[in-house]
Amino acid sequence: MSPLSKHTVTSETLIAAPLAGDVQVSFEFFPPKTEKMEQNLWASIERLAPVRPAYVSVTYGAGGSTRERTHATVTRIRRETDLEPAAHLTCVGASRDEIDAIARAYWAEGVRHIVALRGDPAEGMDKEYRPHPEGYAYASDLVAGLKKIADFEISVAAYPEVHPQAVSAQADLDNLKRKVDAGASRAITQSFFDIDVFLRFLEKADKAGITVPIVPGILPVTNFSRVKEFSTATGASIPGWMADLFDGLDNDPETRKLVAAMVAAQQCRLLYGAGIKNFHFYTLNRADLTYAICHVLGVRPNKTPGDA
C-alpha cells in the first residue's frame, strides 16, 4: 500500500506548524503581449527569483501562437538571470523539422529543460485536435523526439481529474505512462483544489508503474469567477467549501487575495503532510500570492549578514 493512502491531518499539516525547510518550488509564467505586460512579468520574476525556484517555465500559446514571444522570454531569462528556464513546446502547428529546429536552438542557448505538451488548436481552428501531417502526433512522440536531439530534462502534463478529451481515466493514465516511458523526467499536474483527488491519482499512477515525480500544480485564486470557467474547460472540480469561501468577494479584491493565499497555503501544507515536497505554481505573471505562499512554506530568500 502506498504511504499516501495513510494520509491523515496531523499537527504537521497545519498552517501554524514549524516550517518544513525541505520544500522545493517552481513557477510558471506566460510570455507578455504588450510592453506593460512585459514590465509586469519582469517585476514578478525579480520578486520571485530570491526564493531560488528549481526552474521557471514559460508557456506556449494554443497552436504555437506565442512561439516567438515564448522563445524571447526563455532566452532572456537564460541570459539575464540565474534562474533555470524551462520552455514549453507543443506538437500543434509545426512539422517535426520545425520543432526539432526550435529544440536545437534552445539547447544552443543553454536551455536544458523542456515542458513537452500535445497542445491545443489555435482559436478559430477546429476545436478537435488533429496531428500535423508532418509533425509529432502526441506528447509521447514529442518526448521521444526531443530525447533523440539532446539529453533534455523533460516535464509533461498530468491530469488528476482526467484530461477533458480522454476516453477514460485509464486511457489518460496509459497516456501518461507512455510519456514517462518515452523519457519524461517528471509530470506536472493540471491545477486542482481537492487534495484527496491528487492523492488518489498518485496511488493510481503508482499502481500503473509510473515512478517519476508527479508535482502538484498549484493555482492561487486571483479571480474566482475566471477559475470556475477555467476549471469547467479543464475538467477540474471546485469543492463546495471553496465556493463558499469566495462567495460575495467578486468586488472585494483585497479580501479575495487574503482568502486565496490562505486556501493555497493550507492546500500546500496538507499536501506536505502527505509527503509532497515539490510544488509548481501557476503564477499568472503575478508575484504577490505566490511569494506569500512560499513564505508560509518556509521557502524564503537567504538572509544576508546583519539581517535579523
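**Figure 1. Helix α1 crosses helix α2 in the right-handed sense.** The model is predicted; local features need pLDDT of at least 70, side-chain atom pairs count only at pLDDT 80 or more, and totals for chains, interfaces and linings use all residues. Numbering starts from 1 along each chain as its sequence is written, and side-chain values use heavy atoms, with hydrogens and water left out. A crossing is right-handed if the near helix is turned clockwise from the far one by less than a right angle, and left-handed if anticlockwise. Helix α1 spans residues 35-48 and helix α2 spans residues 67-80. Their axes come within 13 Å and cross at roughly 35°. Axes are lines fitted to C-alpha atoms, for helices over the stretch in contact; angles run from 0 to 180 degrees between N-to-C directions. Helices (H or I, at least four residues) and strands (E, at least two) are DSSP runs, numbered from the N terminus.

**Figure 2. Residues at the contact of α1 with α2.** From α1 come E38, L41, W42 and I45. They meet T73, R76 and I77 of α2. Contact means heavy atoms within 4.5 Å. By class, this contact has four nonpolar, one polar and two charged residues. Ala, Val, Leu, Ile, Met, Phe, Trp, Tyr, Cys and Pro count as nonpolar; Asp, Glu, Lys and Arg count as charged; the others, Gly among them, count as polar.

**Figure 3. Strand β1 pairs with β8 and with β2.** Strand β1 covers residues 24-29, and five of its six residues are buried. Buried means under 20% relative accessible area, exposed over 50%, partly exposed in between (1.4 Å probe, protein chains only). Five bridges join β1 to strand β8 (residues 278-282), in parallel. Here Q24 stands opposite N278 of β8. Strand β2 (residues 56-58) also pairs with β1 in the parallel sense, over three bridges. In that pairing, F27 has V56 as its bridge partner. Two strands pair if DSSP finds at least two bridges between them. Together, β1, α1 and β2 make a right-handed β-α-β unit.

**Figure 4. Eight strands close into a barrel.** The order is β1-β2-β3-β4-β5-β6-β7-β8, and the pairing is parallel. Neighbouring strands of this sheet are turned by 30° against each other on average, direction ignored. Helix α4 (residues 139-149) packs on the sheet. There α4 touches β3 (85-90), β4 (113-117) and β5 (153-158). The direction of α4 makes about 155° with that of β4.

**Figure 5. S231 in helix α7.** Helix α7 spans residues 224-234. S231 counts as buried because its relative accessible area is 2%. Leaving out residues up to four places away in sequence, S231 touches F193, A236 and I238.

**Figure 6. F246 in helix α8.** Helix α8 covers residues 240-246. F246 has 2% relative accessibility, so this residue counts as buried. Not counting residues up to four places away in sequence, F246 touches V221, F224, R256, V259, A260 and V263. K257 is eleven residues from F246 along the chain, and their C-alpha atoms are separated by 9.9 Å.

Terms used:
Right-handed = clockwise from strand over helix to strand, strands pointing away.
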